Amino acid sequence: MKKKETVFVMGVLLAVLIGAIILDALLPSYHIAIKVVKKAVVYSLVAVSMNLLNGFTGLFSLGQAGFMLLGAYSYAVLCIPVAKRAGVYQQYNGGIVQFSLPEIFSGLLGDKIGTVFGMLVALLIGGILAAVFAYLIGLPVLRLKSDYLAIATLGFAEILRAFFQWRTLGPVTNGSNLLKNYPDFSGATGYIILGGALIAVIVLLVNSTYGRAFIAIRDDEIAAEAMGINLAHHKRLAFVISSFFAGVGGGMLAMYMGAVQALSFKSSMTYEILLIVVIGGIGSITGSILTSFLYIASVEWLLRGLDSGKFLGINAPAVFKNGFRMAIVSVIIMVVVLFFRKGIMGDKELPDLLRRRAKKGGSAQ
Amino acid sequence: MSRNLLKVENLTMQFGGVVAVDNLSLEINEGEIVALIGPNGAGKTTAFNAITGVYEPTNGRVSFDGSVIVCNHPQGKMERTYKGELADLYKSERILNPTPDKITALGMARTFQNIRLWKSQTVFHNVLIAKHMLAKSNVFTATFRLNRREEEEQRREAMELLRLVGLDDVRDELATNLPYGRQRRLEIARALATKPKLLLLDEPAAGMNPQETIELADFVHEIREKMGLTVFMIEHHMDMVMKISDRIYVLDFGKLIAQGIPSEVQSNQRVIDAYLGVTEDA
């Protein structure tokens with residue numbers, strides 16, 4: 001039974017990977033389908049990292065956009081090619097960071113491998129920076145509970161955004177101007193592999209003894225503490241790990257967007273991710289992933305016509321005006337929440353549901 | 001004479017102007033089953049909470065297994081409003097108020113009066129999670145499954161405990177789906193998973209019928225023998241208390257009013273008065 005499931009999960013992962021490779025081979029990299037997959041992978045990663053905190057540890061934090069900002073800037077600053085820095089940092093004489101990780105590593109490891117390795121190192125540094133910040137913020141903030149924790153983390157994210165636009169930091173962050181011209185994975189395959197691997201790490205964590213301790217804290221803090229689980233230590237651990245993945249996710253988002261600016265990491269980005277987590281089911285990793293793909297695909301692609309006059313063959317420019325799409329999305333979300341009170345998946349995972357189906361059918365022992 | 005395991009000295013717990021536990025001193029020796037009884041609101045659970053670190057006692061000292069684990073004296077505003085006795089006794093001692101997890105790690109595990117199982121988890125996982133405290137793996141080795149031997153060991157021990165308390169047949173049920181009596185047993189199994197020297201039971205038989213209570217009494221007796229435990233319990237069911245306790249402490253309005261072996265306590269006039277509610281001027 002157990003072995004069968006592992007084989008099944010492996011099979012699904014392999015199918016997704018092959019699907020991504022085929023998609024890359026058939027479509028040009030600027031095709032909307034590729035873009036949707038890329039963005040959905042990034043959002044999946046960030047949503048799962050948020051779920052680790054909000055869903056599995058029961059800490060209601062809204063700092064996700066702040067940690068993503070740290071990751072995005074780390075990636076961008078470390079990866080812009082030296083030759084293009086003068087153009088990017090126009091107002092700051094080319095900035096003070098005068099190296100580029102992908103270039104350094106391509107000098108050491110060869111062009112192709114070195115560039116990818118440098119990009120990965122930059123993402124990792126972004127994650128670590130976010131984790132370090134989370135540790136420091138966590139020292140005072142994690143004493144708070146529920147709504148108060150949410151407000152404190154939200155405030156932190158907003159302060160960070162303002163701070164990054166500060167002129168004095170300009171030589172590093174380029175002030176409120178765009179950072180651009182850094183490298184990206186050309187197709188969706190790179191995103192799928194990297195995002196998949198990172199999410200897999202979170203899944204392993206959640207199912208380890210530490211993940212179980214997190215769930216115990218969520219279910220009953222007093223009982224967890226009485227059973228010898230150090231609350232301060234474990235909450236900090238969950239916060240730091242979640243922020244690490246949010247940081248890496250932020251770096252990948254910067255990659256996807258092609259140009260990054262502190263202004264885009266507003267609290268509305270956190271809300272978007274929170275929405276995905278809640279609709280997918282708080283405490284369900286597969287729920288977060290599925291919802292990310294559904295949400296991004298409908299907002300970025302399938303419902304586009306609602307904004308541009310023509311949808312499903314109906315031509316009604318008077319109704320389908322700019323902004324109509326988001327109105328429809330809001331209605332859909334309300335309907336989903338009304339019918340699925342605990343999100344699409346509740347706190348179950350996809351394999352759990354399949355198993356139950358099998359049991360009902362009487363085929364399982 | 002066996003060794004002293006838990007020693008509570010002059011424990012006072014004051015909330016605002018209310019003294020919930022007043023100058024309580026008691027001792028528990030290794031291998032004993034000791035009961036703490038008293039009418040509703042006497043301060044029994046408060047005393048438990050002060051011993052296990054849920055509350056910081058206002059005054060007093062608790063020693064466990066030969067070393068001081070909790071020590072406090074009235075400070076700040078409490079210095080002026082303190083209504084208890086012996087405010088100066090522990091002034092010169094170092095203040096110690098560890099969190100409950102630290103106290104559990106020393107070998108003292110408890111159950112709760114109002115059952116506090118992890119609701120979303122199965123019976124098996126409730127016991128397994130409690131094993132986390134003893135895990136030596138760090139978050140990396142645990143995530144990347146480099147602790148396989150420890151993990152298997154934990155699972156095996158958790159399963160053994162379930163067998164011991166007779167819950168192995170429902171290991172995959174949600175904890176909240178169990179009947180009340182079995183949930184209480186699961187709480188005991190969970191506490192045992194931390195490998196305690198001293199087990200504190202807060203009304204283990206609450207809500208049980210006489211038959212279940214007798215079974216529970218036998219069970220507590222049995223695990224004491226099997227695991228070499230010491231048991232300290234709060235209980236209202238006098239049949240159970242009289243049947244298995246080696247010694248009894250009686251609390252009324254926060255004060256210790258009697259102590260001794262069951263037969264002594266049973267015939268103590270103050271205890272009878274406390275339970276029947278004799279008025280002062282009668």
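**Contacts, helices and single residues**

User: What kind of model is this?
Analyst: This is a predicted model.

User: Let us turn to helix packing. At what angle do α2(A) and α9(A) pack?
Analyst: Helix α2 (residues 32-56) of chain A packs with α9(A) at an angle of about 15°, and their axes are 9 Å apart. The two helices are therefore roughly parallel to each other. In handedness, α2(A) passes α9(A) in a left-handed crossing.

User: Which residues meet there?
Analyst: On the α2(A) side, the residues include Ile34(A), Val37(A), Lys38(A), Leu45(A) and Phe56(A). Those in α9(A) include Ala188(A), Tyr191(A), Gly195(A), Leu198(A) and Val206(A). By class, the contact of α2(A) with α9(A) divides into 15 nonpolar, 3 polar and 1 charged.

User: What about α3(A) and α12(A): at what angle do they cross?
Analyst: The axes of α3(A) and helix α12 (residues 231-257) of chain A cross at roughly 55° and come within 6 Å. The pair is therefore oblique, and the crossing is right-handed.

User: Which residues are involved, and how do they divide by class?
Analyst: From α3(A), the residues include Gln64(A), Phe67(A), Gly71(A), Ser74(A) and Tyr75(A). From α12(A), they include Ser243(A), Gly247(A), Gly249(A), Gly250(A), Gly251(A) and Leu253(A). The contact of α3(A) with α12(A) has 12 nonpolar residues, 8 polar and no charged.

User: Which residues of α5(A) are buried?
Analyst: In helix α5 (residues 101-109) of chain A, the buried residues are Leu101(A), Pro102(A) and Phe105(A). They cover an arc of only 90° around the axis, which puts them on the same side of α5(A). The buried residues of α5(A) pack against α3 (64-79) and α6 (111-141) of chain A.

User: What comes just after that helix?
Analyst: Just after α5(A) comes Gly110(A), with a positive phi of about 95°.

User: Which residues have a positive phi without being glycine?
Analyst: Asn174(A) is one of them, at about 65°, and Lys195(B) is another, at about 55°. For context, most residues other than glycine have a negative phi.

User: Where are those two, and are they buried or exposed?
Analyst: Asn174(A) sits in the loop between α8 (170-173) and β1 (179-180) of chain A. With 27 C-beta neighbours inside 10 Å, Asn174(A) counts as buried. Lys195(B) lies in the loop between α7 and β7 (198-202) of chain B. Lys195(B) is partly exposed, having 15 other C-beta atoms within 10 Å.

User: Moving on to Ala109(B): where is it, and which residues does it touch?
Analyst: Ala109(B) is in strand β6 (residues 108-110) of chain B and counts as buried, with 27 C-beta neighbours inside 10 Å. Not counting residues up to four places away in sequence, Ala109(B) touches Thr104(B), Ala191(B), Thr194(B), Pro196(B) and Leu199(B).

User: Finally, is Met334(A) buried or exposed?
Analyst: Met334(A) counts as exposed, with 10 C-beta neighbours inside 10 Å. Met334(A) belongs to helix α15 (residues 324-339) of chain A.

Notes
Residues numbered from 1 in each chain as written. Chains lettered and ligands numbered in written order. Predicted model: local features only at pLDDT ≥ 70, side-chain atom pairs only at ≥ 80, totals over all residues. Axes fitted to C-alpha atoms, helices over the stretch in contact; angles between N-to-C directions. Helix = DSSP H or I, 4+ residues; strand = E, 2+ residues; numbered from the N terminus. Parallel < 35°, antiparallel > 145°, perpendicular 65-115°, else oblique. Left-handed = near helix turned anticlockwise from the far one by under 90°. Contact = placed C-beta atoms within 7 Å. Nonpolar A, V, L, I, M, F, W, Y, C, P; charged D, E, K, R; others polar. Buried ≥ 20, exposed ≤ 12 C-beta atoms within 10 Å, placed from the backbone. Arc of directions from axis to C-beta.
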